[in-house]
Protein chains: 2
Amino acid sequence: MGEEFSAAVGRGGGVLRSLEIGALPLEAGGSLPSVTMAFECWGTLNEAGDNAVLIQHALTGSTHVSRGDSEEDGWWEGLVGPGDVIDTNKYFVVCANMLGGCYGTTGPSSIASDGKPYGSRFPFVTIRDSVHAEARLADKLGIKLWHAVVGGSMGGARALEWAASYPERVRRCAVVAACAASTAEQIAFAQTQTLAIRQDPNFAGGDYYDGAAPTSGLGLARRIAHINYRSETEMESRFGRQAQSGEDTISHDRLAALGASGSRYQVESYLDHQARKLVGRFDANSYIAITEALMSHDVSRGRGTLSQALAATASVEFLVAAVSSDRLYFPAQSDALAAALPGDVAVHHIDSAIGHDGFLTEVAVVGELLRESFFTV
Amino acid sequence: MGEEFSAAVGRGGGVLRSLEIGALPLEAGGSLPSVTMAFECWGTLNEAGDNAVLIQHALTGSTHVSRGDSEEDGWWEGLVGPGDVIDTNKYFVVCANMLGGCYGTTGPSSIASDGKPYGSRFPFVTIRDSVHAEARLADKLGIKLWHAVVGGSMGGARALEWAASYPERVRRCAVVAACAASTAEQIAFAQTQTLAIRQDPNFAGGDYYDGAAPTSGLGLARRIAHINYRSETEMESRFGRQAQSGEDTISHDRLAALGASGSRYQVESYLDHQARKLVGRFDANSYIAITEALMSHDVSRGRGTLSQALAATASVEFLVAAVSSDRLYFPAQSDALAAALPGDVAVHHIDSAIGHDGFLTEVAVVGELLRESFFTV
């Protein structure tokens, strides 16, 4: 275990920790002068440094995969813990906040060397940049070889990029509800979301930390995203055309305009709720930074064809899984990834009507796939 | 032919005309005091008043279906004209601008009795309100019985509502790429679009006609909509991950923020173009008014179950068609509509990879379906 860290981490987790990894060169040129990587961890690293598992969070996810010793459930609660699929009696589990994020890792809301938040000065970063930063963190932690790197959605993109960038350090790699490169449609939806934030007058070009935050824009971005995280059939069966309780949809109250209540459909109220929840926990600049990093996702960039790029991962054991009803990361994209991987990789299907978010809601199914593939007792 | 109008219309069309239809009671209560209906028409109405065809435009469509005597191609060019499928030597063809629109019919940008634009004072209107207004226009024009009412997308919703509201006045009804009632998902995407406009600081609650228009908001609304008008596969095959010519997507230029150029993907540039085009021709308040009218679309509202609501249309001959790759108005929604219609109604499939917009781009296929069903020589 790395020196700087050995004193800080023991058994039990759910506590946010951080380590300095120094200056980080960036794919688009230049560098970030001083990067802090925040992470949570559970369990204990062994002497060989090869019993570690990296879990990669999604776009707006935090490092809080699992409750651990904390009070709050994690976003994959039940997957990580003593006796769980990823058994913390055997494995040292790490979840690091993505570069550019707002859960402790250096991002736009971090304080730059002049004592002020980066804001508009935060550079463009890529998925690959974050993976390089995560590799530095692994160095600091003394992790030689990941038993597995596991991620869903953007976390899947980061997991795949780990395998391609550091195949000698990744024994197993799980790519769930993700693909080899962000598609035109994923880029298009991402553009609408970043624009929604940038067009909020409170955004102020990204330098809003002294004033009101661009909450309307971030809320709109979340609404656009959230629709795509769900399936048409799920929304229809939950909400249909029902009016929100006590409201009337055939009403001139719609003219109340912004934040109108009194005339909403249930599904509108639901989206309002999703927007409010995210706005309360996420930084708008980080939303843009990470969304644009995800737009950049292309495991083959600078590495030839997709098959050529993935040839380097021949020693890595892959688990590829898709949510059956996903219409943001279509199962066909998982098929294409699996087909391009070396060897014979099957695509597992997570049977869910919910859409993309199935990678989060069907945690038991994800766990069972991981148990069968990577964590047999 | 109605008196007020007989002098104005002869052969040849493509010229915008208008008629006053008086005060219009609204479904949400109250009334619009004085309504002007704008329309284009082609051909000549017969003495019996039963050779007329109503073509209903989509959300941002105009009355300009066909070039006629004008200089500009229509949005269903080739369908309407002497010797065409809808032969103007035989039929009197009308396309009316929807209530709330900005192509001549009374809408938010119209001048109210106090000499100022309605703006925020324009009331909430429904698809049904527009159909009632269109029925008044038909009265004025002397049209007793439509040979056919034909529409795609929102035009399909209006066509269907015509058949349910005035079955004795509709001989045939074509509902293309549309459904019986807007779904939760359609409402959800609509909310993001109206919010995009309302959150534009230039929107000023809808009273922006004295100042700058909310073009950024309207442009964002169009981007969100346009993605849904196309299919994932169409966008991927056209644009993939290509950078716009001369631009570099892995670049800190993204920080140039709003309207950034220099670092766009081709699909972003494409959406920018679509946004600019709409902003140049459409009023933001009308976009909200018509979008919310479409959210209200439910042919069964106040009429019992869907089958009960449609029982009244037993005398109407239906053509129901869906675009195979449509993911905004799924073919299954056309199936559900057809199943609920009286009698045995087949669903025709417009085979296209383009998505919802196939109802516009596949004009020859739409024409052939109309010829076979409604316009046999």
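This is a short talk about how two protein chains sit together in a predicted model, and about a few marked residues in it.

Okay, some housekeeping. Residues are numbered from 1 along each chain as its sequence is written, while chains are lettered from A and ligands numbered from 1 in the order in which they are written. Since we're looking at a prediction, local features need pLDDT of at least 70 and side-chain atom pairs count only at pLDDT 80 or more, with totals for chains, interfaces and linings using all residues, and side-chain values use heavy atoms, leaving out hydrogens and water.

Let's start with the interface. How many residues does each chain bring to the contact? Chain A gives 60 residues and chain B gives 60 residues, where contact means heavy atoms within 4.5 Å. Together the chains bury about 5000 Å², with 65% of it on carbon and sulfur atoms. Buried area here is the accessible area (1.4 Å probe) that two parts lose on being put together, summed over both.

Now the polar side of things. There are 30 residue pairs in polar contact between chain A and chain B, both residues at pLDDT 80 or more. That term means a pair of N or O atoms within 3.5 Å; within protein, one must be able to donate a hydrogen and the other to accept it, and residues adjacent in sequence count only if both atoms are side-chain atoms.

So which elements of chain A touch chain B? Those giving two or more residues are α4 (184–198), α5 (215–229), α6 (232–238), α7 (266–279) and α8 (284–295) of chain A. Helices (H or I, at least four residues) and strands (E, at least two) are DSSP runs, numbered from the N terminus. The largest share, ten residues, comes from α4(A).

On to charges. Side chains of opposite charge can pair when their charged atoms come close. Our rule for a salt bridge is a side-chain nitrogen of Lys or Arg within 4 Å of a carboxyl oxygen of Asp or Glu. Across the interface of chain A and chain B we get four, including R327(A) with E185(B), at 2.6 Å from N to O.

How do the two copies relate? A rotation of 180° with 0.0 Å of shift along its axis superposes chain A on chain B, with RMSD 0.0 Å. The same surface serves both copies, as 100% of the contact residues of chain A recur in chain B.

Last, the annotations. UniProt, in an unreviewed entry, places "active site" at S153(A), D326(A) and H356(A). They're spread over 204 residues of sequence, yet they cluster in space, with a largest C-alpha distance of 10.6 Å. Keep in mind that such annotations may be inferred rather than shown by experiment.

Conventions: Least-squares fit on C-alpha atoms with pLDDT ≥ 70 in both.
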